[in-house]
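Hi,

Here is the structure I promised to pass on. Have a look at it first, and then read my notes below.

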Amino acid sequence: MKKSLVKVQVPVSSDYTDEHLKFIKQMGVDNCFVMFTDQDSNYDGVNKFLERCRKAGLTVNDAGNAHIYKNPSIPLGRPDKDMWIDKFNDLNRIIANAGVKVGYITWDAGRVSTTKFDVGKKTRGSVGRVVNMEELYRHDLAFDRIYEEEEIWDNFKYFLERTLPVCEEIDMKLALHPNDPPVPTLEGFYNLIHSSADYRRAFEMAGNSPYLGMKMCCGCWLEGGPAFGNLLEDIKYFVENKKVLIVHFRNVSSCGVSFEETLLEDGYMDMYQVMKQFVACGYDGVMHCDHVPEFSAKHGGKDSSWAYSTGYMKALIHCAEKEL
């Protein structure tokens, strides 16, 4: 059988055991991304874990440390921002030197706003992320004050000026994730990426550098609905323009006032049509299910959740490639 162009991956933490890595191979998955713990975010920690992945037969496509790239001081422009940008660059140098050439940016100041994690109407009895936007809009300020649009964009430009030259030096691309939920302002913080138009602005700000791309989060597109953009049209545009470095494949119950994260087949979007668009446009990068409802602990919990959703996604890829 012809090898798929789309590379299926699953998330890995640097504190995973060898049994965890073996489980990934048993799922028929050869690729992963690594979230490094603070303890492992150094030369020895990175290289030792990547070697363990290689011995397990896994290719690490991208990696980072969320405590560093999501540190609030960077997007908020706090006095210690340069220290955190230096930490970001230093870790990327280590990761790139070890052979991993994609890192991360998420301009959300370290928080994904959520109403609760609970059994929802569409989660089949599993515990999933449930968001009620009316409730979120009543939240207090997330930080010390209100952060407006131009200030946040200025801080992003400052960050790019100090990171993209390093990316060119080490040949590492940065994958920018949208804000979640994708609304203009929430809890007093202006959300940098809440529409496909914002991505275009970010890429222009970077001088259309090949070192800035995106994590194309289908879930965020679907949460925002038409206000974010047309998912199928945006897949075509951004894939053809070589801006999609990573795909987060996720479905949600609805867009707008409230939503739940669901199994791929249970949300409002026909995810087979989404997969066919990626395949038709020649996407040859990595793809994973970024969030999954958690199954009963007695029946495998998170491991069985990931196995089910990843297997479903693999089947969609196979069917799309066979049809097209």
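**What I found**

Four strands form an open sheet in the order β5-β6-β13-β12, with antiparallel pairing. Because β5 (116-119) and β12 (251-252) are at the edges with a single partner strand each, one side of each has no neighbour in the sheet. β5 and β6 (residues 127-132) run antiparallel and are joined by four bridges, and V119 has V127 of β6 as its bridge partner. Strands here are DSSP runs of E with at least two residues and helices are runs of H or I with at least four, both numbered from the N terminus; two strands pair if DSSP finds at least two bridges between them.

Before going on, a word on the source: this is a predicted model, where local features need pLDDT of at least 70 and side-chain atom pairs count only at pLDDT 80 or more, while totals for chains, interfaces and linings use all residues. Residues are numbered from 1 along each chain as its sequence is written, and side-chain values use heavy atoms, with hydrogens and water left out.

Now to the rings. The structure contains 18 aromatic pairs. One of them is stacked, because the ring centres of Y199 and F203 lie 5.8 Å apart with their planes at 25 degrees. (Rings of Phe, Tyr and Trp, the last by its six-membered ring, pair if their centres lie within 6.5 Å; planes under 30 degrees apart are stacked, over 60 edge-to-face, the rest tilted.) Y199 and F203 are four residues apart in helix α8 (residues 196-205), so about one helical turn separates them. Both are buried, meaning under 20% relative accessible area, with exposed over 50% and partly exposed in between (1.4 Å probe, protein chains only). Ring pairs also link Y199 and F203 with W221, F228, Y237 and F238 in a cluster.

Y237 has a charge over its face too: R200 lies 4.2 Å from the ring centre. Likewise, K87 lies over the face of W84, at 5.4 Å from the ring centre. The criterion is NZ of Lys or CZ of Arg within 6 Å of the ring centre and within 35 degrees of the ring normal.

Finally, a loop residue. G77 lies in the loop between α4 (73-76) and α5 (81-97). Its relative accessibility is 27%, so G77 counts as partly exposed. G77 and F36 are 41 residues apart in sequence and 24 Å apart in space, C-alpha to C-alpha.

Best wishes
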